[in-house]
Protein chains: 2
Amino acid sequence: MKEIMDTKRINQYLSQFGLDDVIPKELRKHLALYRFEPDEALCLQGEVPQYIHFIVQGKVKVYTTSSEGRTLLINFTIPLGVIGEIECLSEKVNLNTVTAVFPVETIGVHKRWLTQYEDETSFLRFLLNLVSHKFYQKSKSLSSILLYPVEVRLASYLLSVSAEDEKGAELSSLNMTSLKDTANLIGTSYRHLNRVLQGFCSTGLVERSKGKLVVIDREGLTEVAGWNIYENGESKS
Amino acid sequence: MKEIMDTKRINQYLSQFGLDDVIPKELRKHLALYRFEPDEALCLQGEVPQYIHFIVQGKVKVYTTSSEGRTLLINFTIPLGVIGEIECLSEKVNLNTVTAVFPVETIGVHKRWLTQYEDETSFLRFLLNLVSHKFYQKSKSLSSILLYPVEVRLASYLLSVSAEDEKGAELSSLNMTSLKDTANLIGTSYRHLNRVLQGFCSTGLVERSKGKLVVIDREGLTEVAGWNIYENGESKS
DNA sequence: AATAAACGAGGACATATGTCCTATCAGGCT
DNA sequence: AGCCTGATAGGACATATGTCCTCGTTTATT
């Protein structure tokens, strides 16, 4: 995580995402711009949270590891998603690990300002609005992801980890983890993932090249997925 | 839903559950005690929410119906769980349908007081604490329920809809929906649910009697379930 | 009362999926 | 270079699970 000293950029982002009216004025001077490179962690499961991050560029992968060591993908978060607010507010350890898929920039605020401004109604209302809207959004999807067949899950995953504007782009190890771990993330076995992947290859959606995957037909994958089950449109509403 | 005029009872519950220090004093006079009979709905999915309910006695079933008509069980909520706060705060329609499994009593507050006290910091802090703790709790389980085999899901379900203090109690149609709908709730087919049920019967956990189920061995079911995946301990922490 | 619809129980069969294994390749270390 | 480890690709087989169906029972409707 690298802090970028650029107040002008922060204000641009605030304006771009309509956060001017949302983030209380008092909090403004405590905001900072942070950058994460692909595969870099924004936070680690089980650790004490430090920041609330507003994602303003890029994409992160949110996943959780159970006590039995089973890893499961929760979702991909894009701008204007928020990371870490629940744990900071609950004063509990991080629920998930969050890593960057692509270069990520966030507007971050350290949790100590939560206590500092706890008597500020505009601030409290801001937080309350933030959390309840996010909870509402997540509740709609979290419980049913595993009802979708593996084809849908894999197609959605591949769409998420591949760059939208690149056709025939090779998925690098920075954006996509190993196939074995990928199987775990979407909740299936490596063997079955390979079967489904073979199906995608035989229909020309994907190509295997030197042990790497190349996304050939994003539109075809989008059709298989229906819609991306791992990405809810993050919106302010 | 029947309102029970009994301020003394309300105060008893507030004291019993340690809500004295949690619920702001100003809100106290707006609290009411409500009672729901088994199978009665606390709220219906898609409707505009009216109340926030603190469950102080009994158990409710929370389930959602997708656009394709697929019904899925989210969880069972026991005291001191809360119902309806997210939707009231988000000013959106109810996410789920919530019905009573056993006789339920709640301390309810109408949503209009949310606006009335929106400048009250103690109230806002109360809400923020409530929502973020619940979100933290739910995030831990919601995404993985369907990873468990149907045996675990069914055992957990049966434990939830059967009375804890009754051995050999017949599950009535008030506590438990039809087998066909039960299959839907736990995310499997009626056929497979019957298979698993047959397994439970052959090992003496459950008996079929006149088209109804009788839970014979709660401890055995608890062993199958491991722990009840549909009930997280609701705690204030 | 008669009929229709819904529910419960289970057979037959197909499909989805996981476990275990083998073979090959790639990368890292000595 | 040789060896080891880990990742990839796929075969064989078993298990989990769903679809479709039949038959009997129960409940609701006419």
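Domain bounds here come from an automatic or database domain assignment. For chain A, that assignment gives domain 1 (2-141) and domain 2 (147-225). Please keep in mind that this is a predicted model, in which local features need pLDDT of at least 70 and side-chain atom pairs count only at pLDDT 80 or more. Residues are numbered from 1 along each chain as its sequence is written.

Let us start with the two domains of chain A. Their centres, taken over C-alpha atoms, are separated by 28 Å. Domain 1 of chain A brings 13 residues to the contact and domain 2 of chain A brings 13 residues, where contact means heavy atoms within 4.5 Å. About 1100 Å² is buried between them, with carbon and sulfur atoms giving 56% of that area; buried area is the accessible area (1.4 Å probe) that two parts lose on being put together, summed over both.

Which three residues supply more than any others of the area that domain 1 of chain A buries against domain 2 of chain A? They are Arg70(A), Phe76(A) and Phe102(A), which supply 34% of that area. Across this interface of domain 1 and domain 2 of chain A, the rule finds zero salt bridges, a salt bridge being a side-chain nitrogen of Lys or Arg within 4 Å of a carboxyl oxygen of Asp or Glu.

Now turn to the two chains. Chain B can be laid on chain A with an RMSD of 0.0 Å by a turn of 179° and a shift of 0.0 Å along the axis, with the copies superposed by least squares on the C-alpha atoms of residues with pLDDT of at least 70 in both. That is the relation of a two-fold axis. The same surface serves both copies, as 100% of the contact residues of chain B recur in chain A.

How values were computed
Chains lettered and ligands numbered in written order. Heavy atoms only, no water.
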